[in-house]
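User: Hi! I am new to reading protein models. Could you walk me through this one?

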Amino acid sequence: MKQIEQVPTLTFLAKSRQIYKDPLPFHRENFKKYGNTFKISPKPGLLIHFTCDEKLTQHILQKNQKNFNKSTLQTEDLGKYIGHGLLTENGEKWRANRKLIQPAFYKKSISSLMNVMDEVIQEEIGKIKEDVATDVYEIFNDLAFKVVARSLFDFADIDNLDSKISRLQYITEKAQKTLIKELRIPWMKWYFDREWLSGKKSIPHSLSLIEEAREILRNIINNRRSGNKEPGDLLDMLLHSTYEDGSHMEDDQLIDEILVLFIAGHETTANALSFAAQLLAQHPETITKATQELQHLENENLMEGLMSMPYIKQCVEETLRLYPPAYVTDRVALEADSCEDVEIEKGSIWLVSFYEMHRRQDLWERPEEFIPERFEKEKAKSYRDFYFPFGAGPRMCVGNNFAIFEMVLTSARLLERFEVKPVHDTIDYHPLITLKPRNAQLIFKRK
Ligand code: HEM
């Protein structure tokens, strides 16, 4: 069996402050030093493996996925805030709910949401100011939240939907910030646990806000059940779907799943859109090429129109290679296992770095460069085994098609309306739970 090198604990501890701020240089440095897999032991009895090896990744996420659960970071720490939906569950409960929810995200179902999606995108893009440096993250963050919200609850039967959506956005973002504090500065948890000390920054305050969000969602569901409208939105699809035994999802579970869709679906997409807009702006030749596809926005069937924009899709795919918003994921081995000559100990934690895999010199030509053409139809097949922006295996992102259509449509509408210029010539990021852009400023001029 191959020996996996371990970073000396003292080296890790000495760098822990820097790792909390930005773990990516630590990952890169050790992959360079030890190869595609290394491990650390932050405390006795705890082993964390880091890998950007494509075979191990396929083994963990696909081939022997039954032996690997999500870690408590996702199931308990995140679950405390957003409940127990697809993203935060393991085992049979996850499987049954995935089966019920998945059809709502098939291309056919998404196609009925395209017009609502387009309406929101155009509304939000319309708010962009001209000729001033604008942080696009703010714009895309609102846009992506509203796209998920409106796809879930199309206007049909909800009073004050806009203010309810704003409140839900405020609450879910506040809960995420509190979770990040809990994870990044665990030694201050005693302080954040006491509302009388830390007030609105406290964990109990965020949890009470989440209760408010659950109440808003409960009212929306009750309202929908008691009315006679069926607007055909995602909520409708979920209300009508059944488990294998013919039963429907309970309201509490439905609320958990909706919170998960908000959390999983909005920040990731907002990050990717911000990186994409910056990359395009920094590569004017890609904008010239993408612009040639914009006439397909006229297609009466928007989905068909988007499918006729392969180059814009390639730009999105290349963005997700360079800046995968879900830059890592983790799993815990339930039983002892092995993959080729690597031993996998029972209980060991495996952290897969999609970010590093997407930039490996031996897998990609000129990996640090933005080259959308590498995703042309015939070439794209050759990356199937090591390109995982949406994960892999049965737990692969349920919203991947939704996200791709949303990103292609947003990029197209943006380029249709504006000339886009960069403010900076580099791209700055901030790896939190997701890989977030920092200082994503651009200048827009109406065409
Ligand atoms: C660019 C946008 C997105 C990216 C990069 C992304 C990435 C991912 C990744 C990597 C996973 C798998 C995590 C793992 O295996 O541990 C995942 C799961 C998930 N994503 Fe996405 N996602 C995006 C957009 C969306 C959207 C728009 C939705 C829904 C509206 C969504 C809903 C979910 C859900 C519910 C899961 C959990 C699936 C399960 O475990 O069965 N995501 N996403």
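Analyst: Happy to! A residue is called buried if 20 or more other C-beta atoms lie within 10 Å of its own, exposed if 12 or fewer, and partly exposed in between, with C-beta atoms placed from the backbone. This is a predicted model, where local features need pLDDT of at least 70 and side-chain atom pairs count only at pLDDT 80 or more, while totals for chains, interfaces and linings use all residues. Residues are numbered from 1 along each chain as its sequence is written.

User: Is cysteine 397 buried or exposed?
Analyst: Cysteine 397 sits in the loop between helix H20 (377–380) and H21; helices (H or I, at least four residues) and strands (E, at least two) are DSSP runs, numbered from the N terminus. The UniProt annotation "binding site", from an unreviewed entry, covers Cys397; such positions are given in the numbering used here, feature names are shortened, and annotations may be inferred rather than shown by experiment. Because cysteine 397 has 20 C-beta neighbours inside 10 Å, its class is buried.

User: Which helix gives the most residues to the shell around the ligand?
Analyst: There are 23 residues around the ligand, and Cys397 is one of the closest; a residue is near a molecule if its C-beta atom, placed from the backbone, lies within 6 Å of it. The elements giving two or more residues to this shell are helix H15 (251–282) and helix H21 (400–417). With seven residues, the one that gives the most is H15.

User: Which residues does valine 408 contact, leaving aside neighbours within four places in sequence?
Analyst: Two residues are in contact if their C-beta atoms, placed from the backbone, lie within 7 Å. Leaving those sequence neighbours aside, the partners of valine 408 are Leu306, Met309, Ile312, Lys313 and Val316.

User: How far apart are the end C-alpha atoms of helix H13 (residues 203–226)?
Analyst: The expected span of a helix is 1.5 Å times one less than its number of residues. H13 has 24 residues, so it should span 34 Å. The end C-alpha atoms agree with that, being apart by 35 Å.

User: Is aspartate 131 buried or exposed?
Analyst: Aspartate 131 lies in the loop between helix H8 (114–125) and strand S4 (133–135). Its phi is positive, about 60°, although it is not a glycine. Most residues other than glycine have a negative phi. Because aspartate 131 has 10 other C-beta atoms within 10 Å, it is exposed.
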